[in-house]
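Work through the exercises below with the sequence and the structure side by side, and try each task before reading its solution.

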Amino acid sequence: MEPCGRQVLQSRAYAVLIRGDSHGRGRCYDGPVATVEQPTLVTLTESAATKIRDLMAEEPEGEAAVLRIAVQGGGCSGFQYALGFDRGAQEGDNELRVNGVDVVVDPFSAPYLTGTEIDWVEGLQAGFAINNPNVSAACGCGHSFQVEEGEAAASDAGCGSGCSH
């Protein structure tokens, strides 16, 4: 490890500057640097992104600047998903750009959605399919779910005919 200047950083793509060491100087590493992989908060498949962009284009100007993805209490299993358009991010929101779609996730929902993939599925019942690795149990209707650290489901028997979503 040796002190490096701006020129080194511009000429070597693999040099990493750590600002403000104990002497107030930057340091760099000339060589491979380990990175820590963290799961992406939310991903959209290309088909989901295309459908979302199409739906956004149908909304009045300025009303659908971002896709808001949230988790709300409710449903037969404890939580349910909420997808909708918003005018923009709010303070504290996680902001992402995924396949050309601006996405926002509130700080409460983020831990429940980490690693989630949203897809658009065509067919008899076209719609968004949500693949969330944090789900420990889901309702038969597919609109509500539980996570390990969440509260117990309101009904252990599933949603049956009383499912409201």
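Buried means under 20% relative accessible area, exposed over 50%, and partly exposed in between, with a 1.4 Å probe and protein chains only. The model is predicted, so local features need pLDDT of at least 70 and side-chain atom pairs count only at pLDDT 80 or more, while totals for chains, interfaces and linings use all residues. Residues are numbered from 1 along each chain as its sequence is written, and side-chain values use heavy atoms, with hydrogens and water left out.

**Exercise 1.** Find the partner of R87 in a salt bridge, and say which parts the pair ties together.

Solution. A salt bridge is a side-chain nitrogen of Lys or Arg within 4 Å of a carboxyl oxygen of Asp or Glu. The partner is E63, with the closest N and O atoms 2.9 Å apart. Helices (H or I, at least four residues) and strands (E, at least two) are DSSP runs, numbered from the N terminus. R87 lies in the loop between strand 5 (78-86) and strand 6 (94-98), and E63 in the loop between helix 2 (46-58) and strand 4 (66-74), so the pair ties together parts that are 24 residues apart in sequence. R87 is exposed at 59% relative accessibility, whereas E63 is partly exposed at 32%.

**Exercise 2.** Decide whether R68 is buried or exposed, and do likewise for D93.

Solution. R68 has 15% relative accessibility and therefore counts as buried; D93, at 12%, is buried too. These residues form a salt bridge, their closest N and O atoms being 2.7 Å apart. Because R68 lies in strand 4 and D93 in the loop between strand 5 and strand 6, the pair ties together parts 25 residues apart in sequence.
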